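Please look over the sequence and the 3D structure below. The report that follows walks through a few of its features.

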Amino acid sequence: MPRVPRLPVALVAALTVAAGLGVRLLWDGPVPKYAGDALYTVLIYTIVVLAAPRVRPWAAALVAAGLSWAIEFAQLAGIPAILRPVLGSTFNPPDLLWYAVGAGAAWAVHAVVATRPPVR
């Protein structure tokens with residue numbers, strides 16, 4: 001797998017955070033909750049790609065979804081109060097679906113970008 005340039009990935013990470021904050025500002029109810037879950041996993045995906053620029057899209061998606069699911073299941077045992085703003089505090093089964101949606105969306109975009117010929 002060719003190495004992904006870090007600057008575009010870092011920009012995607014920043015846009016992901018901005019999208020998450022924007023969704024929370026613009027909507028109430030379940031839309032920002034579940035969009036936030038998906039975007040949370042997209043952010044983890046971008047961090048994986050930043051850490052391992054040659055990672056295959058399917059592997060980055062599995063790691064991002066796996067970490068998101070692990071954090072969600074850790075909420076069953078209790079997350080320390082200091083980490084709750086980042087990791088959450090309450091297990092919610094539908095979150096698992098939205099983490100998969102975020103990982104799948106990131107995978108699809110990464111796979112398309114990775115198969116495009118380099119710009120010269």
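Asp95 has a relative accessibility of 3%, so Asp95 counts as buried. Buried means under 20% relative accessible area, exposed means over 50%, and partly exposed lies in between (1.4 Å probe, protein chains only). This is a predicted model: local features need pLDDT of at least 70, side-chain atom pairs count only at pLDDT 80 or more, and totals for chains, interfaces and linings use all residues. Residues are numbered from 1 along each chain as its sequence is written, and side-chain values use heavy atoms, with hydrogens and water left out.

**Salt bridges**

Side chains of opposite charge can pair when their charged atoms come close. A salt bridge here is a side-chain nitrogen of Lys or Arg within 4 Å of a carboxyl oxygen of Asp or Glu. By this rule there are 2 salt bridges.

| Pair | N to O distance |
|---|---|
| Lys33 and Asp95 | 2.8 Å |
| Lys33 and Asp37 | 3.2 Å |

Lys33 forms a salt bridge with Asp95. Helices are DSSP runs (H or I, at least four residues), numbered from the N terminus. Salt bridges with shared partners join Lys33, Asp37 and Asp95 into one network.

Lys33 also meets Asp37 in a salt bridge. Lys33 and Asp37 are 4 residues apart in helix 2, so about one helical turn separates them. How accessible is Lys33, buried or partly exposed? Lys33 is partly exposed, because its relative accessibility is 28%. Asp37 counts as buried, because its value is 8%.

**A pocket**

Rolling a probe the size of a water molecule over the atoms shows where empty space is left. The search uses a 1 Å grid over the protein atoms alone, and a pocket is an open set of points with protein on both sides within 12 Å along at least five of seven lines. Lining residues have an atom within 4 Å of a point.

The second largest pocket holds about 520 Å³ of space. Its lining has 24 residues, and the closest to the centre are Arg24, Gly36, Asp37, Tyr40 and Val86. Helix 2 gives the largest share of this lining, 7 residues. Helix 1 (6–26), helix 2 (30–51), helix 3 (57–77), helix 4 (84–87) and helix 5 each supply at least two residues.

**The nonpolar core**

A nonpolar core is a set of buried Ala, Val, Leu, Ile, Met, Phe, Trp, Tyr and Cys residues joined through side-chain atoms within 4.5 Å. The largest one has 15 residues. Tyr45, Val48, Val49, Val55 and Ala60 have the most contacts inside it. Helix 2, helix 3 and helix 5 each give two or more residues to this core.

Contact means heavy atoms within 4.5 Å. Leaving out residues up to four places away in sequence, Val48 touches Val55, Ala60 and Val63.

**Two more residues**

Trp107 lies in helix 5 (residues 93–115). Trp107 counts as partly exposed, because its relative accessibility is 42%. Beyond its neighbours within four places in sequence, Trp107 is in contact with Tyr45, Pro57, Trp58 and Ala61.

Gln75 is found in helix 3. Gln75 is buried, with a relative accessible area of 7%. Apart from residues up to four places away in sequence, Gln75 touches Leu87, Gly88, Ser89, Thr90 and Phe91. Gln75 and Gly22 are 53 residues apart in sequence, and their C-alpha atoms are 26 Å apart.

Key. 1 Å grid on protein atoms, 1.4 Å probe; cavity = no way out; pocket = protein on both sides within 12 Å on 5 of 7 lines; lining within 4 Å. Points joined across faces, edges and corners; volume = space filled by probe spheres on them.
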